[in-house]
Amino acid sequence: MKFFATAVLFAAAAMALPGGGRHPAPYDPCPGALLSVPQCCDTDALGLVALGCVNPPNSNPSSARQFADCCRSSSRRPKCCAVTTGLEASLLCIDPQGL
C-alpha cells in the first residue's frame, strides 16, 4: 500500500510540472528526409541553388530565432537544403521551419 501511495504522489508531482512532466521536443530546423541539411547561405536562386553556404556556427539551435541569429552573425540566411556540394553551394533549399 505504501508503494502505491508513493507512486501516486510522484505521478501527481510530475503532472503538476509545466507540460505535464514532459520535456518539449528539441527544435529541428530541417525536419524530414529530403531537405534536412541546415545551412547558412548568401544567395538563393529560386530554391534550386544556394551559394555561399556554410554549416551553421551553432550546430544545435534551440529555436528558429537562434538558428537565424547564428546565420546572421556571418551575414547569411538560414536554409534547409537537400544536398551540399562542399564548395559553398547547396541544391534544393527552402526556409527552415518556423521562419
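Accessible area here is computed by the Shrake-Rupley method with a 1.4 Å probe. On that basis the protein chain exposes about 6,700 Å². Carbon and sulfur atoms supply 65% of that area. The model is a predicted one. Of the chain's 99 residues, 27% count as buried.

Start with the layout. The protein chain has two helices and five strands. Read from the N terminus, the elements run α-β-β-β-α-β-β. Contacts reach across the sequence. Among contacts with a separation of 6 or more, 55% are between residues 24 or more positions apart.

Now the sheet. Strands of a sheet pair through backbone hydrogen bonds, either parallel or antiparallel. Here the pairing is antiparallel, in an open sheet of five strands. Their order is β1-β4-β5-β3-β2. The edges are β1 and β2 (43-45), each of which pairs on one side only. From one strand to the next, the twist averages 50°.

β1 and β4 run antiparallel and are joined by five bridges. Helix α2 lies across β1 and β4. Its direction is at about 90° to β4.

Next, the cross-links. How many disulfides does a search of the whole structure find? The search finds four. With bonded cysteines counted along the chain, the pattern is 1-6, 2-5, 3-4, 7-8. Three of these links can be followed residue by residue.

Take Cys30 and Cys80. Their disulfide has an S to S distance of 2.0 Å. The angle about the S-S bond is -80°, and the link is left-handed. This pair links distant parts of the chain, 50 residues apart. Cys30 sits in the loop between α1 (2-16) and β1 (37-41). Cys80 sits in strand β4 (residues 77-84). Is Cys30 buried or exposed? Cys30 has 3% relative accessibility, so it counts as buried. Cys80 is also buried, because its relative accessible area is 2%, and the limit for buried is under 20%.

Move to Cys41 and Cys53. Their disulfide spans 2.1 Å from S to S. The torsion about this S-S bond is about 110°, so the disulfide is right-handed. The pair again links distant parts of the chain, here twelve residues apart. Cys41 belongs to strand β1. Cys53 lies in the loop between β3 (49-51) and α2 (64-72). Both Cys41 and Cys53 are buried.

The link of Cys81 and Cys93 joins two strands. Their sulfur atoms are 2.1 Å apart. With 110° about the S-S bond, this link is right-handed. Cys81 is in strand β4, and Cys93 is in strand β5 (residues 89-94). They are twelve residues apart, and the pair counts as a link between distant parts of the chain. Cys81 counts as buried because its relative accessibility is 0%. Cys93, at 4% relative accessibility, counts as buried too.

Cys70 is in no disulfide. Which cysteine sulfur is nearest to that of Cys70? It is the sulfur of Cys71, 4.5 Å away.

Finally, check the backbone in two loops. Ser75 has a positive phi of about 60°, although it is not a glycine. This residue lies in the loop between α2 and β4. Its relative accessible area is 63%, so Ser75 is exposed. Glu88 also has a positive phi, near 60°, and is a residue other than glycine. Its place is the loop between β4 and β5. At 42% relative accessibility, Glu88 counts as partly exposed. That class holds because 42% falls between the limits of 20% for buried and 50% for exposed.

Five bridges join it to β1. Helix α2 lies across both β1 and β4. Cys80 in β4 is bonded to Cys30, and Cys81 in β4 is bonded to Cys93.

Technical notes. Residues are numbered from 1 along each chain as its sequence is written. This is a predicted model: local features need pLDDT of at least 70, side-chain atom pairs count only at pLDDT 80 or more; totals for chains, interfaces and linings use all residues. Side-chain values use heavy atoms; hydrogens and water are left out. A disulfide is a pair of cysteine sulfur atoms within 2.5 Å. Helices (H or I, at least four residues) and strands (E, at least two) are DSSP runs, numbered from the N terminus. Buried means under 20% relative accessible area, exposed over 50%, partly exposed in between (1.4 Å probe, protein chains only). Two strands pair if DSSP finds at least two bridges between them. Axes are lines fitted to C-alpha atoms, for helices over the stretch in contact, and angles run from 0 to 180 degrees between N-to-C directions. Contact means heavy atoms within 4.5 Å.
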